[in-house]
Structures are given as structure tokens and as C-alpha cells.
Amino acid sequence: MTPEVEHLHATLESLRAGVLRKLAGLTEEDARRSTVGSGTNVAGLVQHLTFAESAWFGTPARGRRSMTVDPSVSLSELRADYRAACAATNAIIEAAAGGDTPVTSKGRPGTLRTALLAVIAETARHAGHADIIREQIDGATGR
């Protein structure tokens with residue numbers, strides 16, 4: 001792994017861990033609870049990020065783009081699916097020669113660098129949403 005890819009990967013790993021920490025300790029009900037008009041909720045953010053990982057890195061489809069989580073899907077299942085999507089992405093990252101390594105992103109040819117930057121941006125954006133929603137639910141703050 002090149003230093004560039006190593007740094008990008010470490011950034012993504014840190015963001016992923018932050019998202020999972022925002023889900024930790026929430027009840028099934030609170031994880032699906034929205035404190036904003038759009039309906040966004042912490043469980044939905046994890047489901048959406050699972051989808052984003054698989055879409056940007058061309059791995060088997062996981063998650064859903066939607067922020068609405070089917071009531072039959074447990075938080076344990078959401079976490080496991082997110083971790084599996086991340087593991088599939090990590091395998092691609094670890095096998096790559098560098099940032100210019102070709103990957104299929106959203107069904108189109110792209111590079112590892114482009115996919116990593118897109119998922120970093122998506123994860124950072126939604127980690128911020130999760131921070132705010134979690135604070136509104138139970139006052140928990142911090143990464």
C-alpha cells in the first residue's frame with residue numbers, strides 16, 4: 001500500500017469507527033428516531049453508508065440508499081452488514097498498487113483514489129449528521 005492510500009485508508013477507518021460509536025448504546029427505537037424534519041436517523045445513516053461503500057467500490061450490493069430502515073432489520077444486522085461492506089472495501093484497498101488502481105465505482109470505471117475520497121466525504125458528512133442526532137436523542141457527544 002502506498003503512503004497516500006495508507007493515509008486515506010486510515011482516515012476512512014477513523015470515520016467508520018466514529019459512525020459505529022454513534023450507534024453503540026442506542027435502543028432499536030432510538031436508533032430509528034429522527035430529530036430532524038428530513039427523517040434522518042442514526043440507523044438509517046449506517047444503512048446508507050453500507051450502500052455507499054458497496055456502490056463506490058463495486059462490491060456485492062449491501063444496505064439501501066434510503067434512510068428508512070425496515071423494522072425487521074435489527075441494529076445487530078445493520079452493524080454486521082456495515083462491517084461486511086467495510087471488510088470488502090478493505091480487501092480492495094489492501095490489494096491495490098496505489099491510488100490509480102482501477103476500480104468499478106457506481107458501475108463505471110474509476111480509480112481507487114476517487115472511490116476512497118468519495119466514501120471519505122460521504123462518511124464524514126453523515127458522521128456529522130449522526131453526531132447531531134445522537135446528541136439530540138440522549139446528549140452523547142464526541143467522536
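I started with Lys106, which lies in the loop between β1 and β2; strands here are DSSP runs of E of at least two residues, and helices runs of H or I of at least four, numbered from the N terminus. I note that this is a predicted model, in which local features need pLDDT of at least 70 and side-chain atom pairs count only at pLDDT 80 or more, while totals for chains, interfaces and linings use all residues. Residues are numbered from 1 along each chain as its sequence is written, and side-chain values use heavy atoms, with hydrogens and water left out. I looked up phi of Lys106 and found a positive value near 55 degrees, in a residue other than glycine. Strands β1 (residues 102–105) and β2 (residues 108–111) pair in the antiparallel sense over four bridges, where pairing requires that DSSP finds at least two bridges between the strands. Pro102 has Thr111 in β2 as its bridge partner.

I checked the buried residues of α4, which are Leu75, Leu78, Tyr82, Ala85, Cys86, Thr89, Asn90 and Ile93; buried means under 20% relative accessible area, exposed over 50% and partly exposed in between, with a 1.4 Å probe and protein chains only. Seen down the axis of α4, these buried residues fall within an arc of 145 degrees, so they line one face of the helix; the arc is taken from the directions from the helix axis to the C-beta atoms. On the face turned away from the buried side I found the exposed residues Ser76, Glu94 and Ala95. The cover over the buried residues includes α1, α2, α3 and α5.

I then turned to Thr123 in helix α5 (residues 112–138), which is buried at a relative accessible area of 1%. Leaving aside neighbours within four places in sequence, Thr123 is in contact (heavy atoms within 4.5 Å) with Leu12, Leu15, Arg16, Val19, Leu49 and Tyr82.

I looked up the salt bridges, each a side-chain nitrogen of Lys or Arg within 4 Å of a carboxyl oxygen of Asp or Glu, and the structure holds nine. Glu4 and Arg113 meet in one of them at 2.6 Å, N to O; the pair links helix α1 with helix α5, 109 residues apart. Glu53 and Arg16 form another, at 2.9 Å; Glu53 is buried at 0% relative accessibility and Arg16 is buried at 3%.
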